[in-house]
Amino acid sequence: MKGKIVSVFGSLVIAEMEGRVVQNSVGHCVRSDGTRLLSEVIRVRGQLADLQVFEETRGLRAGDDVEFGSEMLSVVLGPGLLGQIYDGLQNPLPQLAEQVGYFLKPGLYIHGLPTTIQWEFTPTARPGDIVSAGDTLGTVPEGIFTHRIMAPFRHREKLTVEKVVPAGRYTVEDEIAVLADAAGRNVSVSMQQTWPVKLALNVSRRRLMPTDPLVTRVRIIDSVFPIVRGGTYCIPGPFGAGKTVLQQIISRYAEIDVVVIAACGERAGEVVETLRDFPKIIDPRTGRSLMERTIIVCNTSAMPVAAREASVYTGATMAEYYRQMGLDVLLLADSTSRWAQAMRELSGRLEEIPGEEAFPAYLESRIAAFYERAGTIELADGRRGSLTIGGTVSPAGGNFEEPVTQGTLKVVGAFLGLSRGRSDARRFPAIDPLDSWSKYRGIIDPDKVARMRRLLAQGNDVRQMMTVVGEEGTSAEDFVVALKAEFFDQCILQQNAFDDVDGATPAERQRFMFEKACQIIDLELGQLDKSHLRELMVRAADLFRNWNYAAEGTEEYDRWLQEIDRFIADRGRPRP
Amino acid sequence: MRKYFDSIQRIAGNVVTVRAPDVGYDELAIISTSRGDSLAQVIGIERQEVSLQVFAGSQGVSNNDRVRFLHRPMQVPFSEALFGRVFDGSARPRDGRGPVEGTPLDIGSPVINPVRRRMPDRMIATGIPMIDVFNTLVESQKLPIFSVAGEPYNELLARIGLQADADIIILGGMGLRHDDYLKFRNAFEEGGVLGRAILFIHTAADPVVECLMVPDLCLAVGEQLALQGKRVLVLLTDMTAFADALKEIAITMEQIPSNRGYPGDLYTQLAKRYEKAVDFDEAGSMTVLACVTMPGDDVTHPVPDNTGYITEGQFYLRNGRIEPFGSLSRLKQQVNGKTRDDHRAIMDACIQLYALCRESREKRDMGFEMSDWDRKLLKYGMLFERKIMDLSINIPLFDALDRCWRILADCFDPAETGIRRAISERHWPKGA
């Protein structure tokens with residue numbers, strides 16, 4: 001099906017066509033020099049089809065050809081996704097760099113999976129077996145995982161295995177099985193299959209309640225505002241508060257199988273950091289490089305805006321694919337505000353009636369649908385897989401009362417709100433302990449967590465009061481509360497991301513630390529004047545922080561721990 | 001054969017609509033009016049009707065003036081002859097000298113492939129402690145200076161341009177007052193850097209569309225030089241003027257405004273420019289420093305707000321000082337771990353203590369009793385402001401670090417600074 005361009009306006013092209021056109025199908029705008037620019041049909045009005053072009057539209061003319069397809073925007077799924085660096089449309093960036101150098105070239109697309117690699121395939125299905133979508137036909141080793149080759153997801157009816165190739169080496173394009181449907185039609189199966197990015201990929205028996213804590217080694221998250229495997233969380237914060245750094249830390253240390261990073265409309269430099277660092281970092285749990293468990297989808301802010309809108313879905317679909325194998329997957333979307341802005345730009349081009357702050361009226365339902373792609377599922381064979389989604393939000397002016405933040409808060413299970421005040425005071429991670437919340441249960445007894453949160457709130461109240469009545473107008477009891485809240489803040493909540501030891505605290509150590517901090521907080525300090533009290537708590541914090549920096553099993557660690565224990569035993573007063 | 005089109009349908013704002021076939025989006029045209037020729041750029045095509053933003057503005061354009069299409073995007077001649085020269089927003093010389101011959105270079109080149117960027121890891125020393133110690137500038141960084149009218153942001157920008165260690169300096173002036181332009185020029189001349197500088201200047205008196213071209217021109221030239229292995233520093237001032245020009249065109253084109261009249265793609269438009277800052281794998285680099293004036297000193301205004309989300313940090317210039325709170329160089333961690341082992345510890349401790357000092361000051365100002373601890377903090381704050389924060393201080397990094405230790409030792413015990421023992425033992429000034 002062909003058409004002709006009649007209008008070009010930014011990334012929006014209007015084409016005139018005759019015949020059948022499918023909403024959300026992909027097409028190509030053909031520039032006069034023959035370059036074919038990938039586009040998606042986003043509106044049909046009579047004989048006019050509106051397309052968003054995933055490339056710069058420079059040079060397109062009225063009268064240029066448009067070729068319409070019937071497939072929706074899809075990604076290819078199969079062995080070889082792990083370790084890849086893609087743009088928002090699943091073009092592998094390193095291969096693009098090999099072909100065209102420093103700059104991306106509009107109209108150049110490369111298949112998402114390497115087609116020359118021979119994978120060691122072991123069949124598990126046998127001719128005559130009845131299989132349905134998502135059932136395992138065979139496996140290939142992919143890095144640290146056993147990658148399951150699954151029956152095509154798009155065939156929802158039962159299929160009979162007609163033929164399976166013997167164990168051996170095959171590329172993703174080779175036929176590895178033939179299945180037959182009830183009508184006897186044959187379906188040829190290779191190790192790769194495609195799936196439309198905007199449809200959730202979930203072939204499972206049922207969805208389960210997510211309860212398994214996801215340890216990120218960030219203390220304020222794990223100990224106070226936990227997240228769980230299969231859950232969702234969001235990190236809103238003004239610029240400079242450390243959203244991306246926090247996501248990077250989580251992507252490094254999260255105790256999870258596969259991480260998909262969707263860098264959506266953010267800085268290229270941050271992606272570069274990840275893709276230069278990750279191959280060098282060894283994951284202590286597997287002994288292999290972090291890159292082997294990571295997929296990066298990178299649509300930086302300078303890249304075309306329509307592809308930015310697609311990039312989070314591209315990431316989500318690949319993440320869901322690995323969940324189908326019974327793995328625990330984490331999708332980090334940074335930032336969902338850029339994705340929302342991309343929707344706003346397109347909506348504006350379409351001259352839709354704007355909602356709040358000119359965002360389209362369907363913003364909230366899109367956000368909800370995206371986060372709902374997370375979840376723990378029980379697969380047909382009883383195994384479980386989970387997809388956790390964490391999104392950052394970059395609210396305009398750092399004001400959480402804006403549509404994207406509010407739309408997100410309605411649908412996530414944990415809210416890790418970053419505050420400018422805390423980041424200005426260099427209290428990192430700048431998650432605000434008073435505003436944030438989590439609906440999940442983590443690694444620490446919830447009663448204890450609640451007690452510490454009350455302490456923080458009281459401490460804050462006292463500090464507020466002190467700014468009015470001064471230290472001298474504050475009772476010793478209140479003053480101690482403020483000191484203890486500050487101690488908890490400094491020693492548990494704050495963490496130095498750039499220190500090898502303090503930057504990541506394993507769950508066991510977090511429990512132990514939390515216990516120790518509680519012991520110090522529970523100390524009766526007795527009748528002392530305020531400067532003495534402050535001195536005591538400053539010393540406690542100093543000991544504790546030094547302990548935080550000491551690696552477990554070192555002499556230093558034992559020494560600081562002994563000092564802390566002595567401090568607790570003596571209630572801070574040195575023995576005569 | 002030259003083809004002219006003269007059926008101008010509409011003249012509104014700086015946008016002119018003409019009937020013409022076979023015109024490519026984003027391409028260039030020349031419109032000949034009674035006032036002379038002006039460049040124009042295609043910003044919309046609807047069937048046969050082509051909308052053009054006219055660089056010289058639409059004053060004097062008549063409905064039967066002639067338009068000729070060049071079928072190419074905006075270009076700038078590129079050669080060695082650019083150095084020491086001054087151009088306007090249409091890339092015409094504004095220093096009274098003849099035009100420059102060179103290879104034509106398209107502005108608005110495609111996106112840099114992220115995998116061909118290298119990790120920025122080279123510090124740019126400026127001699128300003130508030131930058132070098134606390135928010136180190138790094139090669140390839142894009143960093144705005146948030147300020148308000150009346151602050152010496154152009155002076156600061158010029159000073160960084162003069163002192164920073166870069167091969168080439170490109171200045172893009174947008175909506176500049178004419179005397180500010182002359183100040184920059186004189187500063188560069190006196191500093192002896194004009195020979196390796198290129199200036200693209202749009203003054204407040206020039207047509208607004210030309211303002212839109214200035215960053216693209218600077219970045220296209222800078223990028224080409226970086227590809228040749230040069231270390232380029234691009235200085236842009238003032239990006240708020242650029243955003244206001246975008247707003248003007250968007251409103252004329254009847255786009256739905258999103259926030260305070262700015263178009264919905266403001267973020268994308270700014271990001272396209274800032275993201276050109278790059279450290280090329282196996283070639284040179286381009287660093288971008290931009291002034292952004294905040295209308296009403298409001299950082300939540302769409303221009304500084306969107307900028308902050310794009311750039312790798314920001315400097316706040318307030319009361320003639322770089323504010324320690326809020327100012328941030330996101331790339332500093334790439335370099336400050338390798339300078340000296342105490343750099344990060346000093347950086348964190350000094351700012352945390354200064355924050356506490358401000359609290360104590362508030363208490364004092366409200367008439368509360370000062371504890372010993374408050375008095376220590378007050379003394380510290382006074383010393384810190386005088387010996388470190390003052391913008392006229394010009395000392396190398398290590399001297400600045402030593403100076404910080406000395407101030408800390410004058411005011412506190414090591415445990416009170418929050419600096420871990422291993423570092424403070426090594427650097428705490430002896431005899432303090």
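Strands here are DSSP runs of E with at least two residues, helices are runs of H or I with at least four, and both are numbered from the N terminus. I call two strands paired if DSSP finds at least two bridges between them. One bridge to picture is V232(B) with M286(B) in strand 20.

Quick housekeeping: this is a predicted model, so local features need pLDDT of at least 70 and side-chain atom pairs count only at pLDDT 80 or more, while totals for chains, interfaces and linings use all residues. Residues are numbered from 1 along each chain as its sequence is written, and chains are lettered from A and ligands numbered from 1 in the order in which they are written.

Back to strand 20 of chain B. Strand 13 (residues 142-147) also runs parallel to it, again with 6 bridges, and there S147(B) partners T293(B). Strand 19 (residues 278-279) pairs with strand 20 too, but in the antiparallel sense, over 2 bridges. V278(B) stands opposite M286(B) there. That hairpin has 5 residues between its strands, and E282(B) takes a positive phi near 65°.

So is strand 20 buried or exposed? Of its 9 residues, 285-293, 9 are buried. Buried means 20 or more other C-beta atoms within 10 Å of the residue's own, exposed means 12 or fewer, and partly exposed is in between, with C-beta atoms placed from the backbone. In a regular strand, side chains alternate between the two faces of the sheet. Here S285(B), T287(B), L289(B), C291(B) and T293(B) point one way, while M286(B), V288(B), A290(B) and V292(B) point the other.

Now, where do the chains meet? The contact takes 64 residues from chain B and 65 from chain A, counting residues whose C-beta atoms, placed from the backbone, lie within 7 Å. Helix 9 of chain B gives the largest share of its side, 7 residues.

Last, chain A as a whole. We get 14 helices and 26 strands, and 53% of its 576 residues are buried. The C-alpha trace spans about 90 × 55 × 45 Å along its principal axes. Among contacts between residues at least 6 apart in sequence, 68% join residues at least 24 apart.

Note on methods:
Contact = placed C-beta atoms within 7 Å.
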